[in-house]
Amino acid sequence: MNIIITNIHKEEAWEIRHKVMWPDKEFEFIKLDNDESGIHYGLYKDNQIVSVLSLFVTNNEGQFRKFATLSEEQGNGFGSVLLNYVIKEGVNLGLKRIWCNAREQKVGFYQKFGMQATGEGFMKAGKAYIIMEMTLNNVKSIPL
């Protein structure tokens, strides 16, 4: 099995986002107003994109959004590999904090990476979200 993580175009991320996250919504629903300024990552397994994540950097902080892995590939560790890669990218970019809006049922997944719930949350389209974060202070650059 050949695994590659690379920067992708936002349109490539949109396809996976729609298929995995909101298949019952209009395609436009999965687009973000600031997608143009995001850094979009894709994990390829044997030349097929199976997981995507978008990182938005503002003032030494990074928010990752629209993290999605194809349903048939979930549970195989691809999302974990991609998230580890992006956290390392955050360190190498000099970010002080990385955070996300995690679906409530995924909080345990993010805790495995050292992320902590902030206590803040919200609802979107009938789904509950918890804001999760981790500080990257004092971490030296990490080889990818």
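Buried means a relative accessible area under 20%, exposed means over 50%, and partly exposed lies in between. The views below show a predicted model.

**View 1. Isoleucine 131 in strand β7**. With a relative accessible area of 13%, isoleucine 131 falls under the 20% limit and is therefore buried. Beyond the neighbours within four places in sequence, the contacts of isoleucine 131 are Trp99, Cys100, Asn101, Gln116, Ala117, Thr118, Glu120 and Phe122. Glycine 79, which is 52 residues from isoleucine 131 in sequence, lies 18 Å away in space, C-alpha to C-alpha.

**View 2. Tryptophan 99 in strand β5**. Which residues does tryptophan 99 touch, not counting those up to four places away in sequence? They are Glu61, Gly62, Gln63, Phe64, Met115, Ile131, Met132 and Glu133. Glutamate 61 stands 38 residues from tryptophan 99 along the chain, and their C-alpha atoms are separated by 7.9 Å.

**View 3. Phenylalanine 122 in strand β6**. Phenylalanine 122 has a relative accessible area of 32%; this value lies between 20% and 50%, so the residue counts as partly exposed. Leaving aside neighbours within four places in sequence, phenylalanine 122 is in contact with Asn101, Lys127, Ala128, Tyr129 and Ile131. A separation of 28 Å divides the C-alpha atom of phenylalanine 122 from that of valine 91, 31 residues apart along the chain.

**View 4. The largest nonpolar core**. This core holds 39 residues, and Leu53, Phe64, Leu82, Leu83, Val86 and Tyr110 have the most contacts inside it. Two or more residues each come from α1 (10–20), β2 (39–45), β3 (48–58), β4 (61–69), α2 (78–92), β5 (97–103), α3 (107–111) and β7 (127–135). Which element gives the most to this core? The answer is α2, with 7 residues. Valine 86 is in contact with Tyr41, Leu53, Leu55 and Ile98, when its neighbours within four places in sequence are left aside.

**View 5. Helix α2 and the glycine that follows**. Phe78, Gly79, Leu82, Leu83, Tyr85, Val86, Ile87, Glu89, Gly90 and Val91 are the buried residues of α2. An α-helix has 3.6 residues a turn, so residues three or four places apart point the same way. Just after α2, glycine 94 takes a positive phi of about 80 degrees.

**View 6. Helix α1 and its packing partners**. The residues Lys10, Ala13, Trp14, Ile16, Arg17 and His18 are buried in α1. Against which elements do the buried residues of α1 pack? The partners are the strands β2, β3 and β4.

**View 7. Tyrosine 44 in strand β2**. Tyrosine 44 has a relative accessible area of 18%, which means that it is buried under the 20% limit. Apart from neighbours within four places in sequence, tyrosine 44 is in contact with Asn2, Ile3, Ile4, Thr6, Ile8, Glu12 and Ile49. Glycine 126 is 82 residues from tyrosine 44 in sequence and 31 Å from it in space, C-alpha to C-alpha.

**View 8. The largest pocket**. The volume of this pocket is about 690 Å³. Its lining comprises 29 residues, and Met21, Phe67, Ala68, Lys106 and Tyr110 lie nearest the centre. The elements that give two or more residues to this lining are β4, α2, β5, α3 and β6 (116–124). The most come from β4, with 7 residues. By type, the lining divides into 13 nonpolar, 10 polar and 6 charged residues.

View 9. Is asparagine 59 buried or exposed? Its relative accessibility is 71%, over the 50% limit, so it counts as exposed. At a relative accessible area of 40%, alanine 125 is partly exposed.

Definitions and conventions: Residues numbered from 1 in each chain as written. Predicted model: local features only at pLDDT ≥ 70, side-chain atom pairs only at ≥ 80, totals over all residues. Heavy atoms only, no water. Core = buried A, V, L, I, M, F, W, Y, C linked by side-chain atoms within 4.5 Å. Buried < 20%, exposed > 50% of the residue type's maximum accessible area, 1.4 Å probe, protein only. Helix = DSSP H or I, 4+ residues; strand = E, 2+ residues; numbered from the N terminus. Contact = heavy atoms within 4.5 Å. 1 Å grid on protein atoms, 1.4 Å probe; cavity = no way out; pocket = protein on both sides within 12 Å on 5 of 7 lines; lining within 4 Å. Points joined across faces, edges and corners; volume = space filled by probe spheres on them. Nonpolar A, V, L, I, M, F, W, Y, C, P; charged D, E, K, R; others polar.
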